[in-house]
Amino acid sequence: MVLKVDHFSFAVQDTFKLRYLINDTWRKQQNAPIFFYTGNEGNIEVFAENTGFLWEIAPKFDALVVFAEHRYYGESLPYGNQSFADPQHRGYLTSQQALADYVELIAHLKSQSGYQRSPVIAFGGSYGGMLSAWIRMKYPHVVQGAIASSAPLLQFTDVVDCEAFSRITTSDYKAANPTCPKLIQKAWSTITNVTLNGNEIVFQRFAAKSEDVKTLKNFLQEVYIDLAMVNYPYETNFLAPLPGNPINISITINLKISKLMIVFCQHLTNVSLTEKPLLLALHRAISVYTNYTGKTNCISMKNAEPGLDDQGWDYQACTEMVMPICTDGINDMFEPVKWSIADYNNTCFKRYSVSPQPYLVCEQYSCKNFNSASNIIFSNGLLDPWASGGVLRNLSQSAIAILMPDAAHHLDLRETNSNDPYSVRMARKFHRFWITKWIREY
């Protein structure tokens, strides 16, 4: 669909093509519900393939299914290969512009014959969940209700403790084995020491070539966080091919075979490990993420999520999506890093010639006063580090929080699996109940 690059100005007339996926297989009546997924920071196919819940319930509601790609991601590049070339081209990458894209797309869909009075239900997970909540808050006349899963709407300056994210991540590893996070923490100084002493074991084992120690440590931290986020109870291929429960012991059972899979923390149970043996054990553990299939020869340490195609997210994080995260090395398993908006600003300005606006999101959508919020389900898995910024309490009679103690990042939006925990199965029933209610009310 052709849309304006800038919805809020009469001065810029540039347009671009926004990609969306649409399926009308189950539509059987006039004014069928429209299930609208508000696309995240990545290629829209990735989210369509990993949001099985929406596909499962669409036939029961005779719904039209739409997955809208977020501008500046996937193939929805306003200026093609020049979209990130300079501030003038990338400056239209904002959540506000993306929401306006979705509003125009919904208007286009509802202008088609048979959809003029179709109720629209928004769905989204993670940043997509934030967008689904925000579109209901900001455009309630356009969207009747929203399922916002694992949406860290509160992960902003002066709203939540910046250290909470790291504590939740650490708790996932501690629950698997108390020794595991201790060895991860010990490894930070070990990596530094063996490198300063000229020991090449660090680079040899982690398949690095020219990357420096800081790059390696950043990569490891990203892997630890990703494993906590996608600590799903069954084999998946979202951020990377992974076994079920990739941090804990994983047991796969079917009618013919019962298989015990050795996963991350099972490699880090010997508290006496030091120096080279520690790094070798850490390498084996990390390989659960980097080479679960055994087919990977080499991996770049510049991006632990290459399949997501999210190059624009770093820019968004340097402008409006400023989510303070810090570590203290005491209550978490990471090296101590304080949050400094001054340092963050310097990094962002050097990289993109922009200064972050840490309060912009809260000014645009609110972070503390949600009195007007309605018809939104905020679901959060408590194994998910992003639950630190999630809405964890009811805001009103129809803006409701669901907590899933044994679930990771937007597990409730994934397809049904026999290994799903009870809390996730109940959350999906709750979603269906409220979707039915919203459609009837409309």
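**Figure 1. Lys 437 and its partner Glu 441 in helix H14 of the predicted model**. Lys 437 is partly exposed because its relative accessible area is 32%, where buried means under 20%, exposed over 50% and partly exposed in between (1.4 Å probe, protein chains only). Glu 441 is likewise partly exposed, at 45%. The two residues form a salt bridge whose closest N and O atoms are 2.4 Å apart; a salt bridge is a side-chain nitrogen of Lys or Arg within 4 Å of a carboxyl oxygen of Asp or Glu. Both residues belong to helix H14 (residues 422–441), where they stand four residues apart, about one turn of the helix. Helices (H or I, at least four residues) and strands (E, at least two) are DSSP runs, numbered from the N terminus. Residues are numbered from 1 along each chain as its sequence is written, and side-chain values use heavy atoms, with hydrogens and water left out. Because the model is predicted, local features need pLDDT of at least 70 and side-chain atom pairs count only at pLDDT 80 or more, whereas totals for chains, interfaces and linings use all residues.

Figure 2. Side chains of opposite charge can pair when their charged atoms come close. Lys 217 forms a salt bridge with Glu 335, and their closest N and O atoms are 3.1 Å apart. Lys 217 counts as buried at 11% relative accessibility, and Glu 335 counts as partly exposed at 29%. A further salt bridge joins Arg 351 and Asp 314, with an N to O distance of 2.8 Å. Arg 351 is partly exposed at 45%, as is Asp 314 at 30%. The count of salt bridges comes to nine.

**Figure 3. The interface of domain 1 and domain 2**. Domain 1 (2–156 + 358–441) and domain 2 (163–352) are given by the domain assignment; such bounds come from an automatic or database assignment. Their C-alpha centres lie 28 Å apart. In domain 1, 43 residues are in contact with 32 residues of domain 2, contact meaning heavy atoms within 4.5 Å. The domains bury about 3200 Å² between them, 64% of it on carbon and sulfur atoms. Buried area is the accessible area (1.4 Å probe) that two parts lose on being put together, summed over both. Arg 90, Pro 385 and Trp 386 lose the most area on the side of domain 1, together 17% of what that side buries. Between the two domains the count of salt bridges is zero.

**Figure 4. Ile 402 and its surroundings**. Ile 402 lies in strand E13 (residues 399–404). Which residues does Ile 402 touch, not counting residues up to four places away in sequence? They are Ile 377, Phe 378, Ser 379, Asn 380, Ala 427, Phe 430 and His 431. Ile 402 counts as buried because its relative accessible area is 11%. Gly 312 is 90 residues from Ile 402 in sequence and 30 Å from Ile 402 in space, C-alpha to C-alpha.
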